[in-house]
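Here's a walk through one model, from its core out to its loops. Have the sequence and the 3D view open side by side.

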Amino acid sequence: MAQVEKRGGLLRKSSASKKPLKEKVVLMYDEIFMTEDPSKCSPRFWEELFLMKVNLEYLEGKLESLDGEELMKIKDNINCLFQHCIQALGEEHPIRVVNALQTLCALIRGVHQKNKSTSGFDIINMLMGFDKAELCMKNLMESLDSLLCAEGSESLKSLCLKLLLCLVTVTDNISQNTILEYVMINSIFEAILQILSHPPSRREHGYDAVVLLALLVNYRKYESVNPYIVKLSIVDDEATLNGMGLVIAQALSEYNRQYKDKEEEHQSGFFSALTNMVGSMFIADAHEKISVQTNEAILLALYEAVHLNRNFITVLAQSHPEMGMVTTPVNPAPTTPVTPLGTTPPSSDVISSVELPLDADVQTSNLLITFLKYSSIVMQDTKDEHRLHSGKLCLIILTCIAEDQYANAFLHDDNMNFRVNLHRMPMRHRKKAADKNLPCRPLVCAVLDLMVEFIVTHMMKEFPMDLYVRCIQVVHKLLCYQKKCRVRLHYTWRELWSALINLLKFLMSNETVLLAKHNIFTLALMIVNLFNMFITYGDTFLPTPSSYDELYYEIIRMHQSFDNLYSMVLRLSTNAGQWKEAASKVTHALVNIRAIINHFNPKIESYAAVNHISQLSEEQVLEVVRANYDTLTLKLQDGLDQYERYSEQHKEAAFFKELVRSISTNVRRNLAFHTLSQEVLLKEFSTIS
């Protein structure tokens, strides 16, 4: 018997002696694309259709191939197909339900592809008709809600979430997707929460559920009351919030693991050997090759949870085993399309591994640590646009955390010490830190380390001003908490002071280039005011009196940098140029730093002269400082411990609109045909004929 081949909905004998035959389902689709009602001649047409294996490619392609006028001629049949799909969702036979869900995906995507330039209202009319739209969508959402909450097939639940993601991301700008009005009215919020709170469901569907929720929260969030925002902000169920945290932690941890694997592969490869031979001249190039796709979708979900729900802050500190140390399954995860904004979920096997019992020999971790490690990777390279957006979102999340009283309480808790191995950018002038030498410290130390690392590694021609401002703001907010609660943090403050002074030196040496693009005085003022915080209130939060002495030593040692800054801002503040006001603010802010330099420098010079010492040691300078505090006069500066709280709507709306657009595009792209494949589904329902 001749072998039968299948191509694009056609059945063809390999002998090719006869005209190709079409699959029955394709013939039925063709009938729908006629102007007459297909059920007139065949009363059981719709019943039979949903027993046929869906040909997604053919159905979508057929819809896209029609022009607007042809599509309008078969509008009644498309409306009828849409309605029968919804009816089939209530059937007992899972195969009918599966086929109905897949047909809906193809219909929604196909009709939208054809109507990209038209409004959402036209798409609603084409799919279901204005007069029946409300009832249709009510029935559809109720059916999806029932399927998601039922104890039935996990494959069906997966397909329901895929359909919802398809529905939400069918337009690049989700706020222009008018169909979502019905998703707002007929909420599936509780169904999403149920998935997250139930471990088996979470393992299978947690990733899709979290991404779906993040997208729904962003529908017209600035124009109208979004019920998903309201509901997410008041969730207080511990199991649900922890479930959401576990899904996010796993996705970020998977990214960290992939990056570490690539880094190790890189270091053991030929390029590493070549670099060792030639020297460190290729370090930057070597680093650039280590690239793993960032995951903005899951980062957006973390942001929305932290920003909207005060109760979620507790989840950040929930301990679980170090995910990177859990053995990953041998079976390879299914391959997924690589996209600029990777929104591909980690394999469910890996997600399940995070819920193992704690082992005394395994380093414990938490969502915050995983997030800090993720941030340390994506913030290394901000030249790439997607990483720049990821870095910005990481800093916005850290800003929200740094403003939260409870978050600060556990960040600074001496009883919650962790060893946090942040990724450090390879640089010629420093050695790679050994992981084993890392001390266990309160989590705020890791946040400060991350900020110092960013400050030190991004002084470049394409200066990321916005990220620097956010970075300094995070440090300032943490200092405000320490001052307010008198927390004496044992931290290597010198590294921060040194990084800030080097940043000031960079701003001055690149004044002309930077001023053409940025108001560098805003950043300079913030840096100077951080020093003013330490000078004015340091005695209340620096760990020891000697730490305060070291601050003065560092200011005196680097006095030339502060003198140069003063000369620069004085020059610009006395001119009538555009920077006059901004520069004069820095001039006033430098008053105490200049008082310290002018007070101690003559005393140090006098001490050196009397003792006939050409160069004083650090201890000798500190001795002079301690002996002359009493005669130092400083001005009290107001508002140093005050800051403007983060506000998304007024300052970040444009950023989030663009970010959500990118995520929507990539989620849609990742809903490729093979992710809606029936292979698994048919195996699961093989008992049905």
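Which residues does F312 touch, not counting residues up to four places away in sequence? The list is L241, M244, G245, I248, L302, A305, V306 and L367, where a contact means heavy atoms within 4.5 Å.

## Ground rules

This is a predicted model, in which local features need pLDDT of at least 70, side-chain atom pairs count only at pLDDT 80 or more, and totals for chains, interfaces and linings use all residues. Residues are numbered from 1 along each chain as its sequence is written, and side-chain values use heavy atoms, with hydrogens and water left out.

## The overall picture

The protein comes to 35 helices and 7 strands.

Of the 689 residues, 54% count as buried. Buried means under 20% relative accessible area, exposed means over 50%, and partly exposed is in between, all with a 1.4 Å probe and protein chains only. Take the contacts between residues at least 6 apart in sequence, and 78% of them join residues at least 24 apart.

## The core

Back to F312: along with F521, F312 touches the most other members of the largest nonpolar core, a set of 231 residues. Helix 27 (residues 520-541) gives this core its largest share, 14 residues. A nonpolar core here is a set of buried Ala, Val, Leu, Ile, Met, Phe, Trp, Tyr and Cys residues joined through side-chain atoms within 4.5 Å.

Now for empty space. Rolling a probe the size of a water molecule over the atoms shows where it is left. The count comes to 4 cavities of 30 Å³ or more. A cavity is a set of points, on a 1 Å grid over the protein atoms alone, where a 1.4 Å probe fits but cannot get out; lining residues have an atom within 4 Å of a point. Grid points are joined across faces, edges and corners, and a volume is the space filled by probe spheres set on the points.

The second largest cavity has a volume of about 60 Å³. Its lining is made up of S375, S376, M379, Q380, H423, M425, L450, E453, F454, T457 and H458. By type, the lining divides into 4 nonpolar, 6 polar and 1 charged.

T382 is found in the loop between helix 20 and helix 21 (385-403), and counts as buried at 7% relative accessibility. Leaving aside neighbours within four places in sequence, T382 is in contact with L388, F454, H458, M460, P464 and L467.

## Cysteines

How many disulfides are there? The count is 0, taking a disulfide as a pair of cysteine sulfur atoms within 2.5 Å.

## Helix 31 and what follows

I604 sits in helix 31 (residues 591-610) and is buried, at 12% relative accessible area. Not counting residues up to four places away in sequence, I604 touches I556, L616, V621 and V624. I604 and Q620 are 16 residues apart in sequence, and 8.8 Å separates them in space, C-alpha to C-alpha.

H612 is in the loop between helix 31 and helix 32 (618-627). H612 is not a glycine, yet has a positive phi of about 55 degrees, and counts as exposed at 73% relative accessibility.

Look for R486 in the loop between helix 24 (465-485) and helix 25 (493-509), where R486 counts as exposed at 57% relative accessibility.

G152 lies in the loop between helix 8 (130-149) and helix 9 (154-168). At 43% relative accessibility, G152 counts as partly exposed. G152 and P94 are 58 residues apart in sequence but 9.5 Å apart in space, C-alpha to C-alpha.

Terms used:
On a 1 Å grid over the protein atoms alone, a cavity is a set of points where a 1.4 Å probe fits but cannot get out, and a pocket is an open set with protein on both sides within 12 Å along at least five of seven lines; lining residues have an atom within 4 Å of a point. Ala, Val, Leu, Ile, Met, Phe, Trp, Tyr, Cys and Pro count as nonpolar, Asp, Glu, Lys and Arg as charged, and the others, Gly among them, as polar. Helices (H or I, at least four residues) and strands (E, at least two) are DSSP runs, numbered from the N terminus.
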